[in-house]
Amino acid sequence: MNELNLPNDIRLQDIKTEPITSTQLEEMKTLAGSYEALFSKRARLYKELNLKEKNLSENDYKTYILEHYTFLKRPVLVYNDAIFIGNSKKTVEAAKSAIDV
């Protein structure tokens, strides 16, 4: 997030104190293509609950993300009907390009 020159009209949401809503998650899923694309398999709870051994459905991913913020892959940036998920170099560069247009 620090690498991006975010416009002043961007609204940051701390999902620890202001959890995402079902409506927000649905909008992100529409842009991302699936709930799994938004799901963090690096979350501590993913390992603790042994979810790797389970065959999770799209509804399972949705439920877990809404139950606990750590299941949402972060950061997520929604800008001009595009979504950028995570902080890989490729994702950050794509977000920079979209914002600097």
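Contact, as used in these legends, means heavy atoms within 4.5 Å. The structure is a predicted model, in which local features need pLDDT of at least 70 and side-chain atom pairs count only at pLDDT 80 or more, while totals for chains, interfaces and linings use all residues. Residues are numbered from 1 along each chain as its sequence is written, and side-chain values use heavy atoms, with hydrogens and water left out.

**View 1. Glu26 in helix H1.** Glu26 belongs to helix H1; helices (H or I, at least four residues) and strands (E, at least two) are DSSP runs, numbered from the N terminus. Leaving aside neighbours within four places in sequence, Glu26 is in contact with Tyr35 and Lys62. Glu26 is partly exposed, with a relative accessible area of 33%; buried means under 20%, exposed over 50%, and partly exposed in between (1.4 Å probe, protein chains only). Val92 is 66 residues away from Glu26 along the chain, and their C-alpha atoms are separated by 23 Å.

**View 2. Ser34 in the loop between H1 and helix H2 (44-48).** Ser34 is buried, at a relative accessible area of 18%. The side chain of Ser34 reaches the backbone nitrogen of Glu36 at 3.5 Å, and a polar atom of this side chain lies 3.1 Å from the backbone nitrogen of Ala37. A polar contact is a pair of N or O atoms within 3.5 Å; within protein, one must be able to donate a hydrogen and the other to accept it, and residues adjacent in sequence count only if both atoms are side-chain atoms. Beyond its neighbours within four places in sequence, Ser34 is in contact with Lys29 and Glu58.

**View 3. Ser40 in the loop between H1 and H2.** Ser40 counts as buried, at 11% relative accessibility. A polar atom of its side chain lies 3.3 Å from the backbone nitrogen of Arg42 and 3.4 Å from that of Ala43. Not counting residues up to four places away in sequence, Ser40 touches Tyr46, Thr70, Phe71, Leu72 and Lys73.

View 4. Strand E1 (76-79) and strand E2 (residues 82-85) pair in the antiparallel sense over 4 bridges; two strands pair if DSSP finds at least two bridges between them. Leu77 stands opposite Phe84 in E2. The hairpin has 2 residues between its strands, and Asn80 in the turn has a positive phi of about 50 degrees.

**View 5. The largest pocket.** About 720 Å³ of space lies in this pocket. Of the 22 residues that line the largest pocket, the closest to its centre are Arg11, Gln13, Val76, Leu77 and Val78. Helix H1 (22-32) and strand E1 are the elements that give two or more residues to the lining. A pocket is an open set of points on a 1 Å grid over the protein atoms alone, where a 1.4 Å probe fits, with protein on both sides within 12 Å along at least five of seven lines; lining residues have an atom within 4 Å of a point. Grid points are joined across faces, edges and corners, and a volume is the space filled by probe spheres set on the points. By class, the lining has 13 nonpolar, 2 polar and 7 charged residues; Ala, Val, Leu, Ile, Met, Phe, Trp, Tyr, Cys and Pro count as nonpolar, Asp, Glu, Lys and Arg as charged, and the others, Gly among them, as polar.

**View 6. The second largest pocket.** This pocket has a volume of about 250 Å³. Among its lining residues are Phe39, Ser40, Lys41, Thr70, Leu72, Gly86 and Asn87. By class, the lining of the second largest pocket has 3 nonpolar, 4 polar and 5 charged residues.
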